[in-house]
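Dear colleague,

I am passing on the structure we spoke about, and I would be glad if you looked through it with the notes below at hand. Please read them alongside the sequence.

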Amino acid sequence: MKKIILIILSAVLLFPACKKDPKFIPDMLGGSSELYDPSFYTPANYLVSAAKPNPTPDEAKKPVIIVVHGYSATTFEWNEFRTWAGGRTDFAISQVLLGGHGLDYANFKSATWQIWKQPIMDEYSKLEQEGYTNISLAGSSTGATLILEMLADGYFNNHIKPRHVFMVDPIIIPANKTLSLVDPLGPVIGYTTVDNSAGEEKYYFHYRPYESLQQLNNVINIVRKQLQDGVTLPANCTLKVFKADKDDTADRVSAVLIYLGTKTSTGAKINVQLVNSSLHVFTRLALRDPAPTTQDVKNQTDAFTDIANTIIH
């Protein structure tokens with residue numbers, strides 16, 4: 001009886017803004033077909049495989065980095081990296097939209113984490129088939145978790161090896177430890193809500209169906225177990241983790257687990273950098289409320305510079 005009472009109390013504390021029957025409005029992502037992720041309409045603006053399907057031999061040798069957003073987000077999460085890169089031609093950026101994301105709530109609600117991951121594999125495979133030989137990956141939050149699962153699951157065993165992998169605030173241990181309660185409490189809860197800024201409402205889901213939270217919990221648990229078993233990177237592949245030290249979404253123990261559970265093909269440790277930031281996905285500053293600080297801008301610039309300098313050398 002005491003256990004049941006604790007669970008009920010946890011539900012009240014964990015999901016104070018739950019919505020059994022949410023009201024979708026046109027100005028929010030998922031509330032209108034006019035706000036679908038723009039990569040659906042102009043894929044060549046986001047995916048290198050669509051923009052340059054037949055690269056010249058020189059183009060095929062240039063670095064391409066596939067960037068992957070997190071849970072409930074869209075390609076918007078990496079827009080600033082493209083903006084920062086400007087007209088640079090020494091590398092190309094491929095912004096992937098996770099499966100089940102960027103459309104309506106029906107798609108978001110029904111998608112499994114394997115469906116989330118599929119577009120990453122699709123873009124990687126297309127680039128390989130078209131002749132690109134220098135491919136790296138960067139993931140933020142759950143995007144990083146999915147890339148880590150691909151590394152652990154041996155996806156790259158039968159593909160060309162990625163040159164570099166970057167993770168920004170990967171989530172292995174949620175800061176909110178009660179995510180695990182979503183299995184017993186989810187059907188009662190329905191939807192939870194998040195406090196997006198007015199601008200973020202167009203790019204981040206306002207409501208989170210419990211089914212999608214269950215998928216998030218599932219993939220986190222799987223990757224945590226994979227890290228316990230040990231993950232070895234493909235040959236000549238490097239991994240760097242950037243982790244905000246005061247992140248309220250992904251516990252910084254996530255970075256510790258990745259550091260302890262992952263090694264290079266030669267047995268060396270991977271690189272982890274703690275960042276002086278309280279922002280989850282500190283590389284995305286646009287539409288934040290309150291506005292980013294000078295330190296936030298420096299963190300973003302330093303990370304983008306580090307990523308770009310690494311992949312071009």
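**Salt bridges**

Glu200 and Arg284 meet through their side chains in a salt bridge, with 2.9 Å from N to O. Glu200 lies in the loop between S5 and strand S6 (207-209), and Arg284 in the loop between strand S10 (271-275) and helix H11 (294-311), so the pair ties together parts that are 84 residues apart in sequence. Glu200 is buried, and Arg284 is buried as well. Please keep in mind, here and throughout, that this is a predicted model.

A second salt bridge joins Glu149 to Lys117, where the closest N and O atoms are 2.8 Å apart. This pair, too, links distant parts of the chain, since Glu149 belongs to helix H7 and Lys117 to helix H6, 32 residues apart, and both Glu149 and Lys117 are buried.

The side chains of Glu59 and Lys52 also meet in a salt bridge, at 3.0 Å from N to O. Here Glu59 counts as partly exposed because its relative accessibility is 25%, and Lys52, at 41% relative accessibility, likewise counts as partly exposed. Besides these pairs, Asp169, Lys243 and Asp247 are linked in a network of salt bridges. The count for the model comes to 11 salt bridges.

**Aromatic residues**

The aromatic pairs come to a count of 22. One of them is formed by Tyr105 and Tyr191, which are arranged edge-to-face, with 6.3 Å from centre to centre and 75° between the planes. Tyr105 lies in helix H5 (residues 105-110) and Tyr191 in strand S5 (residues 191-193), so this pair ties together parts that are 86 residues apart in sequence. Both Tyr105 and Tyr191 are buried.

The rings of Tyr124 and Tyr155 have their centres 6.1 Å apart and their planes at 80°, and because that angle is over 60 degrees the pair counts as edge-to-face. Tyr124 sits in helix H6 (residues 113-129), while Tyr155 sits in the loop between helix H7 (142-152) and strand S4 (164-168), so that the pair links distant parts of the chain, 31 residues apart. Tyr124 and Tyr155 are both buried.

On the surface, Val253, Val256, Tyr259 and Leu260 form a nonpolar patch with about 340 Å² of accessible area together. Of these residues, Leu260 is found in helix H10 (residues 253-261), and at 57% relative accessibility Leu260 counts as exposed because the value is over 50%. Tyr259 has a further feature, in that Lys269 lies over the face of its ring, at 5.2 Å from the ring centre.

Asn217 is found in helix H9 (residues 210-229), and with a relative accessible area of 6% Asn217 is buried, because that value is under 20%. Leaving aside residues up to four places away in sequence, Asn217 touches Leu179, Ser180, Val182 and Asp183.

Gln118 is found in helix H6, and at 35% relative accessibility Gln118 counts as partly exposed. The C-alpha atoms of Gln118 and Gly99 are separated by 6.5 Å, although the two residues are 19 apart along the chain.

Key:
Residues are numbered from 1 along each chain as its sequence is written. This is a predicted model: local features need pLDDT of at least 70, side-chain atom pairs count only at pLDDT 80 or more; totals for chains, interfaces and linings use all residues. Side-chain values use heavy atoms; hydrogens and water are left out. Helices (H or I, at least four residues) and strands (E, at least two) are DSSP runs, numbered from the N terminus. Buried means under 20% relative accessible area, exposed over 50%, partly exposed in between (1.4 Å probe, protein chains only). Contact means heavy atoms within 4.5 Å. Rings of Phe, Tyr and Trp (its six-membered ring) pair if their centres lie within 6.5 Å; planes under 30 degrees apart count as stacked, over 60 as edge-to-face and the rest as tilted. A charge sits over a ring if NZ of Lys or CZ of Arg is within 6 Å of the ring centre and within 35 degrees of the ring normal. Patches are made of residues with over 30% relative accessible area and no salt bridge: like charges are joined within 9 Å, nonpolar side chains (Val, Leu, Ile, Met, Phe, Trp, Tyr) within 5 Å. Accessible areas come from the Shrake-Rupley method with a 1.4 Å probe; for residues, only the protein chains shown count as cover. A salt bridge is a side-chain nitrogen of Lys or Arg within 4 Å of a carboxyl oxygen of Asp or Glu.
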